[in-house]
Amino acid sequence: MRKLILSIALTFSMLQIMAQQPTKTQEKQAQERILQIKQHGEQYLWGEAIGKNLNTADRDALADLIGQISTSVESNFTLIKNENPDDYAETFQSVIKTYSKATLNNTERIIIGKEPKITVFRFIKRTEINKIFAARENKIKGFVESAVRAEQKLQIADALRYFYWAQTLLRSHPNGAMLTINDDTGEQHILATWIPEQINNIFSRIRVKRGEVKPDGEFQQVELYFTYNNTPVANFDFTYWDGQDWSNITSAKDGRGVAELPAIANSNKIDIKGEYAFTGEATIDAELKDVTESLDIVPYKSSYLQLSVSAKEAKQNQKDIQRTQTETAAKTESFFNYVKNDTDYKNAVTDVEKAIAKRNYNDARPHFDDEGWEMFSKLVSYGHAKIYGTPNYRFAQTGDGIICRSMPLIFSFPNSKRTFVEDVVFEFNADGLIHSLSFGLSQTALQDITNKQQWSESSRLTLIRFLENYKTAYALKRLDYINSIFANDALIIVGHVLEKQTAKDAVNIEPDKQIVRYTRQTKEQYIKNLGICFRSNEFINLRFADNEIRKSGSGEIYGIQIKQDYFSTNYGDTGYLFLMVDLNDKDKPIIHVRAWQPEKDPEFGLIDLSSFTF
């Protein structure tokens, strides 16, 4: 693949009058400009403040300006007023301040004087006020679109999260009561009523069954099985009542979840609450975080689910769950070359399962080579790992080795209120030893890849293994592996978009794609920063909420577009990850481009394979 070359530019949007110390003439002109703006109050809104330094004066000027803006738009905030008329004034002021952080830094500014006495004058045309709220409207509709796509893929946790986050931002928009969206049929809906209807409809279609119950010391593991329209959910987040309190948020994957109850609790009757607000994860977006902290959570009675079954029904449910799991796995069975004589491999994985259950990890050492054992050691130290449910192992031939899918594990962390569920995939080498392991993709994601019959079987299998290894490498903090899969001259971008490129024989951004600010990192910088991140976090977990894969017309080059949620001990974000991966050597995938955008750009959308020419 030809070398990737891109020029880098950094654009600035803030207008700052006074690039150097002003002369008396310039200061006089600035004062005259301020006076002129004040004399045209019908055209402008402004804020003014004096401070000992620029930051203080600018902050106070913005606060003054936001006060003027709030007066002009207050009557439009009917959603908040109708929700809580008694506390409206206080809530409104909290909400309106979120705009000063999110959008008002780009208003025009005039500076007079120098420290320790600086005057800052911020102003905006009244005709520009609506533009302040346009970015938030775009984010609202972006969340709704993500929710609709997630629901279609049975990613119910993501659908509920994005719908509720859209509703939260909608409540903070002055025209929130009037904003609309068109569905796939072209029918128009008022978001203020349509979003709550969608959330209630989702909860009304969720069913939960009880599966196997396993003793676990003073506790018992109760397997739960969640369906949506009678189909296993791809994901669903929930809490349950353990007799004293609501549990940490627990994730169900491919329909399977687990509740850990006291041994004396009645496992046939469990109160369950579906998670929809995701307030802990709202920190991934600064604007959303500010609004979430300003508003009370909207209660949804429909989020409360109750599991109530008789002993006889519970036994039948277990049979139904096993049958459904078999049927779900069968959707990809025609792709994977499952082996019939799997006794030795099954015995090895069963020994690993017993070692995890007893926490005698060294008992499993004979089944690993050195690299596999290192990964396994990191795995069992990643959270308080437990096996849940009854594994349904399947063994598939891949070249000289065997892949085992999959061991269900649940991970919890002392400093987190979230519990993760993952399916661990083991890869055996030609000597029958476990060489590596990874967190498996969901059934939906697997089917997205295996159904691409126009691609070769080896390419599809390599894509699956690459994505699973990529996701796992961040969780297990495998810095050496991540370093090995990035090309030395990889283009690593964090931000919005790239500049047009005119250099000959370069990878070019299409000429109609607009420049937006971003940050470029070298591979060395990226790996160094990632190492610091790994050392400062107890855990890291990546969740792929949505993924689309395209193949270029030039060899085995693939563009992978992922809606990624990133969770860690002290940080979280959500955004769109693009990877350009070279799979010409199936054993050594190489990433040539990694680009991350916090949101879709309103002008060009997302960086993807079409952004580059070869």
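How many bridges join S1 to strand S3 (residues 117-125)? Eight bridges join the two, and the strands run antiparallel. Welcome to this structure, which is a predicted model. The points below start with that sheet, move on to a pair of helices, and end with some backbone details and the cysteines.

**A three-stranded sheet**
- S1 and S3 belong to an open sheet of three strands, ordered S1-S3-S2 and paired in antiparallel fashion.
- Strand S1 (44-51) and strand S2 (108-114) are at the edges; each has a single partner strand, so one side of each has no neighbour in the sheet.
- From one strand to the next, the twist averages 15 degrees.
- For a specific pair to find in the view, look at leucine 45, whose bridge partner in S3 is isoleucine 124.
- Helix H2 (residues 54-73) lies across S1, S2 and S3, and runs at about 150 degrees to S1.

**Two crossing helices**
- Helix H6 (residues 156-171) and helix H8 (residues 286-294) have axes that come within 9 Å and cross at roughly 70 degrees.
- That angle falls in the range of 65 to 115 degrees, so H6 is roughly perpendicular to H8.
- On the H6 side, Trp165, Thr168 and Leu169 take part in the contact, meeting Leu288, Val291 and Thr292 of H8.
- The residues of this contact comprise four nonpolar, two polar and no charged.

**Backbone details to look for**
- Most peptide bonds are trans, and most residues other than glycine have a negative phi.
- Glutamate 115 and proline 116 are joined by a cis peptide bond, with omega about 10 degrees; proline 116 sits in the loop between S2 and S3.
- Another cis bond leads from arginine 405 to serine 406, with omega near -5 degrees, and serine 406 is part of strand S16 (residues 401-412).
- Aspartate 254 has a positive phi of about 50 degrees, although it is not a glycine. Aspartate 254 lies in the loop between strand S10 (249-253) and strand S11 (256-262), and it counts as buried because its relative accessible area is 14%, under the 20% cut-off.
- Phenylalanine 278 also has a positive phi of about 50 degrees without being a glycine. Its place is the loop between strand S12 (269-274) and H8, where phenylalanine 278 is buried at 1% relative accessibility.

**Cysteines**
- A search of the whole structure turns up zero disulfides.
- Cysteine 404 is buried, at 0% relative accessibility.
- Cysteine 533 has a relative accessible area of 19%; buried means under 20%, so cysteine 533 counts as buried.

Definitions and conventions
Residues numbered from 1 in each chain as written. Predicted model: local features only at pLDDT ≥ 70, side-chain atom pairs only at ≥ 80, totals over all residues. Heavy atoms only, no water. Disulfide = S-S within 2.5 Å. Buried < 20%, exposed > 50% of the residue type's maximum accessible area, 1.4 Å probe, protein only. Axes fitted to C-alpha atoms, helices over the stretch in contact; angles between N-to-C directions. Helix = DSSP H or I, 4+ residues; strand = E, 2+ residues; numbered from the N terminus. Parallel < 35°, antiparallel > 145°, perpendicular 65-115°, else oblique. Contact = heavy atoms within 4.5 Å. Nonpolar A, V, L, I, M, F, W, Y, C, P; charged D, E, K, R; others polar. Pairing = 2+ DSSP bridges.
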